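I opened the notebook to look up a few local features in this entry. The notes follow in the order I took them.

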Amino acid sequence: MAVDLEKLNQHLSTRSYVEGYIPSQADVHVYNSITSQPDPSSLPHVARWYTHIKSYAPELADLPGSSAAGHAFVSAAPAAEPAPAADDEDEIDLFGEDDEEDAEAERIKAERVAAYNEKKANKPKTIAKSVVTLEVKPWDDETDLKAMEAAVRSIELDGLVWGASKLVPIGYGIHKLQITLVVEDEKISLDELQEKIAEFEDYVQSTDVAAMQKL
């Protein structure tokens, strides 16, 4: 019995065994047909596999499966001669089975990725918001604070909600307006908002962010 070592070496370059994922009678059949230790310099994959299968002796007869797949690499003719047509068919079936398994694994993987992306796309996006306490200082004690607050609240922006307010004394009879607001972080820039408030220059001297907390 002759083994086509070149063919076997190529086969084992991407596989650990002649057939499947565990040692089987297919490995035993080919192993028993090899008369000497393969040369690792010219047949590295066969040499690795041969040493591995050899480690199972004397339990080789107890390994599962059949020797059918091993026939693709063993023939009665010399290794240089073409393998019988039946062996070619076995070879095609052997490789085709792995290709089908790989294709099925890739299909399942693609389905899982698609399902994950769909789930992620349909998940409601969390809107980041902040609660801000803004202080608006008037020019002096003669500034009309009610008019100043009305001017501040007249600013309407998408993502801005005005809240409660109060007047806080700062000395010499002067009060500042302390007002609470809720903003959507992606839509509202506090710097731009303060610039808009500063445009009411008849009332506003300056503004400061007194406190800010994420919701």
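Is Tyr172 buried or exposed? I found that Tyr172 is exposed, with a relative accessible area of 80%. I use buried for under 20% relative accessible area, exposed for over 50% and partly exposed for what is in between, with a 1.4 Å probe and protein chains only.

**Basis.** I am reading a predicted model, in which local features need pLDDT of at least 70, side-chain atom pairs count only at pLDDT 80 or more, and totals for chains, interfaces and linings use all residues. Residues are numbered from 1 along each chain as its sequence is written, and side-chain values use heavy atoms, with hydrogens and water left out.

**Tyr172, continued.** I placed Tyr172 in the loop between β4 and β5. Its phi is near 55°, a positive value in a residue other than glycine. For reference, most residues other than glycine have a negative phi.

**Overall.** I noted six helices and six strands in the protein. Helices (H or I, at least four residues) and strands (E, at least two) are DSSP runs, numbered from the N terminus. From that terminus the order is β-α-α-α-β-α-β-α-β-β-α-β. Of the 215 residues, 33% count as buried. The accessible surface comes to about 13700 Å², and carbon and sulfur atoms hold 52% of that; the areas come from the Shrake-Rupley method with a 1.4 Å probe, and for residues only the protein chains shown count as cover. Among contacts with a separation of 6 or more, 69% are between residues 24 or more positions apart, where contact means heavy atoms within 4.5 Å.

**Aromatic pairs.** I searched for rings of Phe, Tyr and Trp (its six-membered ring) with centres within 6.5 Å, calling planes under 30 degrees apart stacked, over 60 edge-to-face and the rest tilted. The count comes to one aromatic pair. The rings of Tyr31 and Tyr50 have centres 4.7 Å apart and planes at 35°, so the pair is tilted. Tyr31 lies in α2 (residues 25-33) and Tyr50 in α3 (residues 44-54), so the pair ties together parts that are 19 residues apart in sequence. I logged both Tyr31 and Tyr50 as buried.

**Charge over a ring.** Here I required NZ of Lys or CZ of Arg within 6 Å of the ring centre and within 35 degrees of the ring normal. Lys7 lies over the face of Phe73, at 5.5 Å from the ring centre.

**Helix α3.** Which residues of α3 are buried? I listed Val46, Ala47, Trp49, Tyr50 and Ile53. Seen down the axis of α3, they fall within an arc of 165°, so they line one face of the helix; the arc is that of the directions from the helix axis to the C-beta atoms. They pack against α1 (5-12) and α2.

His45, also in α3, counts as partly exposed at 27% relative accessibility. Not counting residues up to four places away in sequence, His45 touches Asn9, Leu12 and Ser13. Its C-alpha atom is separated by 9.9 Å from that of Leu5, 40 residues apart along the chain. I then checked Asn9, which lies in α1 and is buried, with a relative accessible area of 11%. Leaving aside neighbours within four places, Asn9 is in contact with Ser42, Leu43, Pro44, His45 and Val46.

**Helix α2.** I looked up Gln25, which is in α2 and is buried at a relative accessible area of 18%. What does its side chain reach at 2.8 Å? The side chain of Gln25 reaches the backbone oxygen of Leu63. Beyond four places in sequence, the contacts of Gln25 include Leu60, Leu63 and Ser67. The C-alpha atoms of His29 and Leu60 are 9.7 Å apart.

**Helix α6.** In α6 (residues 190-198) I found Leu190, Leu193, Gln194 and Ile197 buried. Down the axis of α6 these fall within an arc of 100°, so they line one face of the helix. An α-helix has 3.6 residues a turn, so residues three or four places apart point the same way. On the other side of α6, Asp191, Glu192 and Glu195 are exposed. The buried residues of α6 pack against β3 (129-138), α5 (145-153), β4 (160-171), β5 (174-184) and β6 (204-214).

Notes
A polar contact is a pair of N or O atoms within 3.5 Å; within protein, one must be able to donate a hydrogen and the other to accept it, and residues adjacent in sequence count only if both atoms are side-chain atoms.
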